[in-house]
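Please look over the sequence and the structure shown below before reading on. The report then takes the sheet, the helices and the ligand in turn.

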Amino acid sequence: MNIQDQLPPWADFQAANRFRRAIREFNSTPVPQEDVEALLAEAVYAPSSGNLQPYELHWIRTPALKELIAKACNGQKAAASAKELIVVVASPAIARKTAATQLAHLDSSSTLAEKSKNYHRKHIAKFLKIIGIGGLPIWTPLVSVAAMIRPTLSLLPVGHIGSRHWAARNAVFAAQTIMLGAAARGIDSCPMEGFSATKVARLLGLPRGSVIPLVIALGYRHDDARIEERWRRPMNDVVISH
Ligand SMILES: Cc1cc2nc3c(=O)[nH]c(=O)nc-3n(C[C@H](O)[C@H](O)[C@H](O)COP(=O)(O)O)c2cc1C
């Protein structure tokens, strides 16, 4: 089949992208569990640096826990009225676990050519060095100084903070996939960073070194939900041609 024939229609993508709004109040209609499962299944196809997928998607299914997490979201209505909550968790440790799983997959794969396997093994070894030795706290002050002299170096995945930032920004692609996927199914969402990370981490029993880039609320927009006209910077301000 021609690749052009497999392309999803642009109009469908655009409709989903425009439908997605940050909704702060959901109605009482439950989100079918199979819909949430479908969204999470698509989220795992999100891209990530070195394919190290340094995140987990915590689907909060227990009502009592959901209530506690919602409270930890600074009492936001979006969280309190959400039908489903997904907590996005990231850490370099998850990346290390992925690397080990991927190496085992390479060893056992009967379909990948030896050349591909060696390429990926080399690639993983390089990343493991960066987030292994490179993730030690000893590098953090050095990265701070380097970033002061050369601000573009601020995003280096080096040092204990840098490697957690790296994991968090990788997780965001999966989060966006969930929200756009939700929109494509007529489900509303709200990305939230207004929460107590310490409380949420404690409630989920997250290991030390985990960070929480986002909590995603899912549901269907309430008739009273405040949905204002969308404002964005003009294209010529956002897009710089070179
Ligand atoms: C990283 C991030 C964190 C956000 N945190 C919150 C939040 O805590 N509470 C909230 O009501 N909206 C939150 N938002 C939603 C934004 O306010 C919203 O996306 C923005 O105003 C644009 O509106 P739109 O998403 O409807 O286009 C967050 C969005 C992002 C991307």
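## The sheet

Two strands are said to pair if DSSP finds at least two bridges between them. In this predicted model, four strands form an open sheet in the order S1-S2-S4-S3, and their pairing is antiparallel. Strand S1 (55-60) and S3 stand at the edges, where each has a single partner strand, so one side of each is left without a neighbour in the sheet. From one strand to the next, the twist averages 20°.

The pairing of S1 with strand S2 (residues 84-90) is antiparallel and extends over six bridges, and Tyr 55 stands opposite Ala 90 in S2.

## Helices across the sheet

Helix H8 (residues 159-184) lies across S1, S2, S3 and strand S4 (211-219), running at about 10° to S4. Helix H9 (residues 197-204) lies across S1, S2 and S4, but runs at about 80° to S4.

## Two helices in contact

Two packed helices are described by the angle between their axes and the distance between the axes. The axes of helix H1 (residues 10-19) and H8 come within 8 Å and cross at roughly 105°. Because angles of 65 to 115 degrees count as roughly perpendicular, H1 is described as roughly perpendicular to H8.

In this contact, Ala 16, Asn 17 and Phe 19 of H1 meet Leu 180, Ala 183 and Ala 184 of H8, a set that divides into five nonpolar residues, one polar and no charged.

## Around the ligand

The residues around the ligand include Arg 21, Arg 24, Gln 76, Glu 193 and Arg 230. By class, this shell has six nonpolar, two polar and four charged residues, and strand S3 (residues 188-192) gives the most to it, with three residues.

Conventions
Residues are numbered from 1 along each chain as its sequence is written. This is a predicted model: local features need pLDDT of at least 70, side-chain atom pairs count only at pLDDT 80 or more; totals for chains, interfaces and linings use all residues. A residue is near a molecule or strand if its C-beta atom, placed from the backbone, lies within 6 Å of it. Helices (H or I, at least four residues) and strands (E, at least two) are DSSP runs, numbered from the N terminus. Ala, Val, Leu, Ile, Met, Phe, Trp, Tyr, Cys and Pro count as nonpolar, Asp, Glu, Lys and Arg as charged, and the others, Gly among them, as polar. Axes are lines fitted to C-alpha atoms, for helices over the stretch in contact, and angles run from 0 to 180 degrees between N-to-C directions. Angles under 35 degrees count as roughly parallel, over 145 as roughly antiparallel, 65 to 115 as roughly perpendicular and the rest as oblique. Two residues are in contact if their C-beta atoms, placed from the backbone, lie within 7 Å.
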